Amino acid sequence: MEIRFVSGNQFKIDETIEIMKGSNVDIIPFNIKIEELQTLDVKSLVKDKLMKAFSMIGRPLFVEHTGLYIKYLNNFPAGLTQIFWDSLEADKFAELIGKLPDSSVVAKTIIGYCDGKQIHYFEGEISGTIVDTPKGNRDFQWDCVFLPNGESMTFAEMGMAKNNISMRKQALENMKKFLS
C-alpha cells in the first residue's frame with residue numbers, strides 16, 4: 001500500500017521512511033511546508049494541516065505534529081513547540097527548561113490520516129526530561145535536549161537508534177495496525 005506523507009521537515013521524512021521500512025506501507029514523501037495553525041489544541045492543528053495538505057494532493061495522505069508537553073509549564077508549549085524552539089534555540093531552551101524545579105516532559109506525536117472520506121488520528125508518546133546543556137547533533141530541533149526516561153543519551157546522541165523507541169515510531173505503528 002502506498003501512502004503520502006506531507007511534511008516540510010526532511011528529518012521527519014527520513015525518520016518516517018526508516019521506521020516504515022519492511023512494512024506493507026510504502027511512504028511517498030511530499031516535502032511541502034504547510035503553514036500551521038498556531039494553537040495549543042494539537043488535534044485542531046493537525047486537522048487544519050491535514051485539510052490543507054489534502055486540498056493540495058487530493059489523495060490519501062498523512063501529516064503529523066510532534067510537540068513537547070512540559071509538566072512544570074502546564075504542558076506548554078504543545079502545539080506551539082516549533083515557535084517556542086525557534087525563538088529560544090538549543091542553549092536558551094536547555095538553560096530555561098533544564099533548570100526548572102521539574103524538567104519532566106512528554107514528547108508526543110499525533111498523526112492525522114485522511115483516506116478521502118474520514119480523518120483518523122494516531123498517537124505516540126515518550127516521557128523524559130530536558131537536559132540543562134544540549135548534547136549531540138543540533139540539526140533536528142529539540143533532539144539535543146530531550147533525554148528519554150531510562151536512557152543515558154539524548155535523542156540526538158542516539159542517532160537513528162532513537163527510531164526504536166520514539167513517539168513517532170509509536171504513532172506510525174498505531175497507523176500501520178489500522179491500515180492492515
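**Pocket, helix and backbone**

Modeller: The largest pocket holds about 440 Å³ of space. Here a pocket is an open set of points on a 1 Å grid over the protein atoms alone, with protein on both sides within 12 Å along at least five of seven lines, and lining residues have an atom within 4 Å of a point. Grid points are joined across faces, edges and corners, and a volume is the space filled by probe spheres set on the points. This is a predicted model, in which local features need pLDDT of at least 70 and side-chain atom pairs count only at pLDDT 80 or more, whereas totals for chains, interfaces and linings use all residues. Residues are numbered from 1 along each chain as its sequence is written, and side-chain values use heavy atoms, with hydrogens and water left out.

Colleague: Which element supplies the largest share of the lining of the largest pocket?
Modeller: Helices (H or I, at least four residues) and strands (E, at least two) are DSSP runs, numbered from the N terminus. Both β3 and α3 supply at least two residues of the lining. The largest share, 5 residues, comes from α3.

Colleague: What does helix α3 span between its end C-alpha atoms?
Modeller: The expected span of a helix is 1.5 Å times one less than its number of residues. For the 18 residues of α3 (residues 81–98), a straight helix would span 26 Å. Between its end C-alpha atoms, α3 spans only 16 Å.

Colleague: Where is the kink in α3 centred?
Modeller: The bend at a residue is the angle between axes fitted to the seven residues ending there and the seven starting there. The kink in α3 is about 105° and is centred on Glu89.

Colleague: Is Glu89 buried or exposed?
Modeller: Glu89 has a positive phi of about 65° although it is not a glycine. Buried means under 20% relative accessible area, exposed over 50%, and partly exposed in between (1.4 Å probe, protein chains only). Because the relative accessible area of Glu89 is 52%, Glu89 is exposed.

Colleague: What covers the buried residues of α3?
Modeller: The buried residues of α3 include Phe84, Trp85 and Phe93. Contact is taken as heavy atoms within 4.5 Å. Among the covering elements are β3 (61–70), β4 (76–77) and β6 (119–130).

Colleague: Which residues line the largest cavity?
Modeller: A cavity is a set of points where a 1.4 Å probe fits but cannot get out. The structure holds 1 cavity of 30 Å³ or more, and the largest cavity has a volume of about 40 Å³. Its lining consists of Thr66, Phe140, Gln141, Trp142, Asp143, Lys162, Met167 and Arg168.

Colleague: What is the phi of Gln141?
Modeller: Gln141 is found in the loop between β6 and β7 (146–148). Gln141 is buried, with a relative accessible area of 15%. Its phi is positive, in a residue other than glycine, and lies near 45°.

Colleague: Which residues does Lys176 touch?
Modeller: Lys176 is found in helix α5 (residues 167–179). With a relative accessible area of 14%, Lys176 is buried. Not counting residues up to four places away in sequence, Lys176 touches Ile19, Met20, Ser23 and Val25.
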